[in-house]
Amino acid sequence: MSSKEKPTLGGTRIKTRKRNIAAPLDPAAFADAVVQIYLDNAGDLELVPKNLESSDLNFSRYGDTFFEVVFTGGRTQPGTIKPDEGERHPYSVIECEAKRETILPSVIYIQKILRRRPFLIKNLENVMRRFLQSLELFEDNERKKLAIFTALAFSQKLSGLPPETVFQPLLKDNLVVKGLVLSFITDFFKEYLVDNSLDDLISILKRGKMEDNLMDFFPSAKRSPEGFSEHFTKEGLVPLVEYNEKKIFEVKLKEMKSALTTQIAEESDISEVIENVKQRVKDAKLPDIEVVRILWDVIMDAVQWSGKNQQQNANSALRQVKTWARLLNSFCSSGKLELELMYKVQMQCYEDAKLMKLFPEIVKSLYDQDVLAEDTILYWFRKGSNPKGRQTFVKALEPFVNWLEEAEEEE
């Protein structure tokens, strides 16, 4: 065995790995400190942010608590809006008057805070979502204050606040059925439109995925176009009513066009197609002019076009006109509607190069099928008001018009 001494660890410092010891959460102390700053400055929203900035408060850890203090004057109990223990201040959003001039300073104040600490936007979202989901726990006047605050927040373009944060939490069945959501959203719309256009409001609704779902804010008993119009007309929001009616109208037109496209593609019996269109026109109260325009679009969209073969394209288009002439004839029931059809043909031939030279042939075919009357064609030729391609089409149609005039003289 070796007589050498074995090395020892005597006098050697052994490094140990440090553990991350997390300080316990203390939202109560944070809330009390923020409340004290409000109280020390008598709620002056110019001085409060300056004092918050110079403090060593941990906003990244207690962001939700901070906005609870801003909105309600102190901490709220977890999962509710009920006040928790601790200090409170009387300068919160909920405590002020339900007027834009008293709530706007709070919005501007929050904007200043978010510019210095943009990470807090997530905490603002959390608190707003919680409060909006708990609308039933607020008094009527408090809900109105929240609606005004929310409208002003979007009007002032509060840093990064996404519309879905506001609209989606509102769609809880228990809130909708009580009419709380409709009341809130009405106050929101009215306040927002004071400084902004309807287009701005629609843009927010689109971003919040609510543009096509405005009826979802209504209790089921009032969820109808008539209920929508009656409610918002009474509240003085006529532009919103007109927008919604236009939206419904566009949807009905689209539905009719889709159904008609299917029937024509399947070459359904023409009598069946006519009855289907008449029923849809009656149910949706669609204007005759829009119906004529849709009929022409769908009929021509169904044509099987053939590349650059002009003659084949002409034959296909004229065959389609002849096949569905009876459908057109059923709805071109006046000189005004016949003229509208001529304008529609004119526009399509002007915009589609492959149809440019077909204008006189299409008009003649519509005349032969008794869709267009002689007087309508002559009126368009002499006094037509649509300038697009008019000179070219008038010249192209001149031989046919001359024939019509000569035939009229012979008679």
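The accessible surface of the protein comes to about 23000 Å². Carbon and sulfur atoms account for 48% of that surface. Accessible areas here come from the Shrake-Rupley method with a 1.4 Å probe, and for residues only the protein chains shown count as cover. This is a predicted model, in which local features need pLDDT of at least 70 and side-chain atom pairs count only at pLDDT 80 or more, while totals for chains, interfaces and linings use all residues. Residues are numbered from 1 along each chain as its sequence is written, and side-chain values use heavy atoms, with hydrogens and water left out.

Start with the whole chain. The secondary structure comes to 20 helices and zero strands. Its radius of gyration is 35 Å, well over the 22 Å that the globule rule gives for 411 residues, so the protein is more spread out than a compact globule. That radius is taken over C-alpha atoms, and the globule rule is 2.2 Å times the number of residues to the power 0.38. Helices are DSSP runs of H or I with at least four residues, strands are runs of E with at least two, and both are numbered from the N terminus. Along the principal axes, the C-alpha atoms fill a box of roughly 130 × 85 × 40 Å.

The domain assignment gives two parts: domain 1 (27-223) and domain 2 (287-409). Such bounds come from an automatic or database domain assignment. The C-alpha centres of domain 1 and domain 2 lie 59 Å apart.

Now look at cover and contacts. Of the 411 residues, 45% count as buried. Buried means under 20% relative accessible area, exposed means over 50%, and partly exposed lies in between (1.4 Å probe, protein chains only). Contact means heavy atoms within 4.5 Å. Among contacts between residues at least 6 apart in sequence, 68% join residues at least 24 apart.

Charges come next. The protein has 58 positive and 64 negative charges, and their mean positions are 10 Å apart. Lys and Arg count as positive, Asp and Glu as negative; His and the chain ends are not counted. The place of a charge is NZ of Lys, CZ of Arg, CG of Asp or CD of Glu.

Nine of its ten residues are buried, so α3 is mostly covered. The buried ones are G63, T65, F66, F67, E68, V69, V70, F71 and T72. They pack against α1 (27-40), α2 (47-54), α4, α5 (121-133) and α6 (140-155). After α3 comes G73, whose phi is positive, near 95°.

E68 counts as buried because its relative accessibility is 7%. Which residues does E68 touch, not counting those up to four places away in sequence? They are G73, G74, R75, T76, V127 and R130.

Move to helix α4, residues 100-116, where S106 is found. S106 counts as buried, at 7% relative accessibility. Leaving aside neighbours within four places in sequence, S106 is in contact with L45 and V93.

Helix α6 holds T150. T150 is buried, with a relative accessibility of 1%. Beyond residues up to four places away in sequence, T150 touches M128, V166, F184 and F188. T150 and F188 are 38 residues apart in sequence, yet 6.9 Å apart in space, C-alpha to C-alpha.

N58 sits in the loop between α2 and α3. N58 is partly exposed, with a relative accessible area of 34%. The C-alpha atoms of N58 and F30 are separated by 7.8 Å, and the two residues are 28 apart along the chain.

K209 lies in the loop between α10 (198-207) and α11 (225-234). Its phi is positive, about 60°, although K209 is not a glycine. Is K209 buried or exposed? K209 is exposed, with a relative accessible area of 59%.

K285 is in the loop between α13 (270-284) and α14 (288-301). K285 has a positive phi of about 55° and is not a glycine either. K285 is exposed, at a relative accessible area of 74%.
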